Amino acid sequence: MVINMWEEMYEKAKEIQARRRISPFVETGAAASAILTDKGNIYLGISIDTGTANGICAERNAISNMITYGESKIIKMLEKLASFLYNQ
């Protein structure tokens with residue numbers, strides 16, 4: 001049961017966050033982001049980390065998804081970091 005919007009956003013971000021190695025130089029899933037818009041929609045994104053400075057943060061991917069679907073007004077934004085970041 002979802003208690004509040006922050007919890008719903010957190011759970012949705014958690015669902016898509018999974019650390020994956022795409023290649024020896026590209027990983028995804030160190031962070032996931034959820035954006036709530038003024039229309040009540042939640043857009044998600046995950047981070048893409050590369051061996052160069054060309055990575056993309058989770059928030060940027062969530063914003064890109066929001067804009068792709070014609071929205072532009074953010075009410076709330078949440079970022080979930082992977083637990084492995086804290087266990088090293």
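This is a predicted model: local features need pLDDT of at least 70, side-chain atom pairs count only at pLDDT 80 or more; totals for chains, interfaces and linings use all residues.
A residue counts as exposed when its relative accessible area is over 50% and as buried when that area is under 20%, with partly exposed residues in between. By this rule Tyr69 is exposed, because its relative accessible area is 61%.

**Strands β2 and β3**
- Strand β2, which covers residues 26–37, runs antiparallel to strand β3, which covers residues 42–50, and eight bridges join the two.
- Within this pairing, Glu27 stands opposite Asp49 in β3.
- Four residues lie between the strands of the β2 and β3 hairpin, and in that hairpin Gly40 adopts a positive phi near 90°.

**The aromatic pair**
- The count of aromatic pairs comes to one, and it is formed by Tyr43 and Tyr69, whose rings are stacked at 6.0 Å centre to centre with 20° between the planes.
- Because Tyr43 lies in strand β3 and Tyr69 in the loop between α2 (58–68) and β4 (74–81), the pair ties together parts that are 26 residues apart in sequence.
- Tyr43 has a relative accessibility of 11% and therefore counts as buried, whereas Tyr69, at 61%, is exposed.

**The largest nonpolar core**
- Eight residues make up the largest nonpolar core, namely Met9, Ala13, Ala32, Ala34, Leu36, Ile42, Ile46 and Leu78.
- At least two residues of this core come from each of α1 (5–16), β2 and β3, and β2 gives the most, with three residues.
- In soluble globular proteins, nonpolar side chains tend to be buried together.
- Ile42, one of the core residues, touches Met5, Glu8, Met9, Lys12, Ala34, Ile35 and Leu36 when residues up to four places away in sequence are not counted.

**Helix α1**
- Helix α1 consists of 12 residues and spans 17 Å from its first C-alpha to its last, which is close to the 16 Å expected at 1.5 Å a residue.
- Where α1 starts, a side-chain oxygen of Asn4 comes to within 2.9 Å of the backbone nitrogen of Trp6.

**Glu79 and its surroundings**
- Glu79 is located in strand β4 and is partly exposed, with a relative accessible area of 40%.
- Apart from neighbours within four places in sequence, Glu79 is in contact with Ala31, Ala32, Ser33 and Glu59.
- Although Glu79 and Gly45 are 34 residues apart in sequence, their C-alpha atoms are 9.4 Å apart in space.

Definitions and conventions
Residues are numbered from 1 along each chain as its sequence is written. Side-chain values use heavy atoms; hydrogens and water are left out. Two strands pair if DSSP finds at least two bridges between them. Rings of Phe, Tyr and Trp (its six-membered ring) pair if their centres lie within 6.5 Å; planes under 30 degrees apart count as stacked, over 60 as edge-to-face and the rest as tilted. Buried means under 20% relative accessible area, exposed over 50%, partly exposed in between (1.4 Å probe, protein chains only). A nonpolar core is a set of buried Ala, Val, Leu, Ile, Met, Phe, Trp, Tyr and Cys residues joined through side-chain atoms within 4.5 Å. Contact means heavy atoms within 4.5 Å. The expected span of a helix is 1.5 Å times one less than its number of residues. A polar contact is a pair of N or O atoms within 3.5 Å; within protein, one must be able to donate a hydrogen and the other to accept it, and residues adjacent in sequence count only if both atoms are side-chain atoms.
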